[in-house]
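Please read this briefing alongside the sequence and the three-dimensional view.

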Amino acid sequence: MSLSSALSTAQSIFNNTGIQTGVASKNIANAQNANYVRRSAVLTTGGNGSLVVAIERSQNQALYRQTIESSSLYSGQQILLSGLEEVKSLMGGNDYETSPSAIIANLRNNLQTWASKPSETTVGATVISTAVDLANSLNTASDQLQAIRKRADDDIKQGVEELNKLLAQFEIANNRVKQETAVGANPNDALDERETLLKQIAEIVGVTTLSRENNDLVLYTTEGTVLFETVPRPVTFAPTVAYGATTTGNGVYIDGVAVKAGVGPETNAKGSIQALLQLRDDVVPVYQSQMDEIARGLIMAFAETDQTVVPPAPAILAPGLFTWDLGTIPAANMVEPGLAARIKVNPLVIPPSGNPMLIRDGGINGVNYVVNTTASTGFSDLLNKYDDAFEVRIDFAASTQVGGKLDLQSFAADSIGWLEMLRSTATSATENKLAMLSRATDAYSSETGVSLDEELSLLLDIEQSYKAAAKLMSTVDTMMQALLEAAS
């Protein structure tokens, strides 16, 4: 080996170790950065030793796609479970102690006590108090359910705004990747930034990707709608100011195509928007309809009958203990939207201005509806009839998802069962999807993340290379000195 080639080799080693040290140092500095992908210097052998020709990222596209999809699924499932937990809390939590089902049981117990002591006005007042509690619980539940829908609508608005902002940032990062790839520069930092944005986008809406020339990336929703191609596609949503039982929320549109809501307790929603649409437009409205049907059942159970009508003429009914703003008997076998928010106890029976004994005797709607015409203090037939009415099967609307021919108390209990089934299934699904996300994230991290042990070991190897180059330079220096001395 000539002195010139030895000098060239040493210089090559110094250049390589400098680049390798810089790469290793950057890896170590980002060891705790979940959005950083490990770099490595690629060496090739040349005429005067090795040469660093590229800085590569430790990519694994299959694992990355799995991580993105798992993130979308978990985000949607978590949103749905959170909404179901909020609905459950309206009913009193784990024991559902403030649910209509629980208060109906209390009302029946008080009715039975009053039927055994029909002359006791204090017991009658207790029945009225329990009825007021029941009506108030339905009113509150209805109001809070609509508040949940409003919050979901607000969250959709925030999600759409965040998605549009991320897509705008994605365009900038994607253009950097394309430009740096096209000119042969190092696009690794831009790729990290772009992948970080893609993770955030996937938490809002499910995405699939298509790579094109110069690392250009096209984004599609999991439903096949173009989300980004060279420029972001518009994501639009018109929020609703207020929600009631009859309110229909507006849809979310990506490039003019409506986003579908998630389906089922183990929801197929990918990203938060689909889950929020499911909560706002499906889960909560169905539960609202169940509350409305309970309210209808209560009005029917305590309805008064016109005593002047002689069979076979059809009976004439009017609201008794429970009534609502229209003051009529709601239509059978169909949901009256918002009835739970409008039901109330008839003020004619509420003490001190009202008379609870109108429940025992009849006559809330006038003399034609009086049953205890002799004003007997021991009369309990009507109270027993109201108690039995809780076990009379009536047709509940199929749209409630627990409908059919059921008695009122069973329907109220089945409503709680329906909610608990959804919540329990969603809880298990959330745990499973979190485990899937954790496995995917760990697998991707092990492939692309920074291992401090490996980086420190690499630095020791680089140090040895540097020492060898330094030794070579020292030897060349000694030989040059000897050569100069000989020449002089």
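**Thr-448 and its surroundings**

Leaving aside residues up to four places away in sequence, Thr-448 touches Tyr-36, Val-37, Arg-38, Ser-58, Gln-59 and Asn-60. The model shown is a predicted one, and the points below should be read with that in mind.

- Thr-448 belongs to helix α10, a helix that covers residues 408-448.
- Thr-448 has a relative accessible area of 2%, and because buried means under 20%, Thr-448 is classed as buried.
- Gln-59, one of the residues that Thr-448 touches, is also among the residues that lie nearest the centre of the second largest pocket.

**Helix α5**

- Helix α5 is mostly covered, since 12 of its 17 residues are buried.
- The buried residues of α5 include the charged residues Asp-192, Arg-194 and Glu-195, and also among them are the nonpolar residues Leu-191, Leu-197, Leu-198, Ile-201 and Ile-204.
- Asn-188, Ala-190, Thr-196 and Ala-202 are likewise among the residues of α5 that are buried.

**The largest pocket**

- The largest pocket has a volume of about 400 Å³, and its lining is made up of 24 residues.
- Nearest the centre of this pocket lie Ala-34, Asn-35, Lys-199, Thr-441 and Tyr-444.
- Helices α2 (61-90), α5 and α10 each supply at least two residues of the lining, and the largest share, 6 residues, comes from α5.
- Divided by class, the lining of the largest pocket holds 8 nonpolar, 12 polar and 4 charged residues.

**The second largest pocket**

- The second largest pocket has a volume of about 260 Å³, and 14 residues line it, with Gln-59, Gln-61, Arg-194, Ser-211 and Leu-217 lying nearest its centre.
- Two or more residues of this lining are given by each of α2, α5 and strand β3 (207-211), and α5 gives the largest share, 4 residues.
- The lining of the second largest pocket divides into 5 nonpolar, 5 polar and 4 charged residues.

Methods. Residues numbered from 1 in each chain as written. Predicted model: local features only at pLDDT ≥ 70, side-chain atom pairs only at ≥ 80, totals over all residues. Heavy atoms only, no water. Buried < 20%, exposed > 50% of the residue type's maximum accessible area, 1.4 Å probe, protein only. 1 Å grid on protein atoms, 1.4 Å probe; cavity = no way out; pocket = protein on both sides within 12 Å on 5 of 7 lines; lining within 4 Å. Points joined across faces, edges and corners; volume = space filled by probe spheres on them. Contact = heavy atoms within 4.5 Å.
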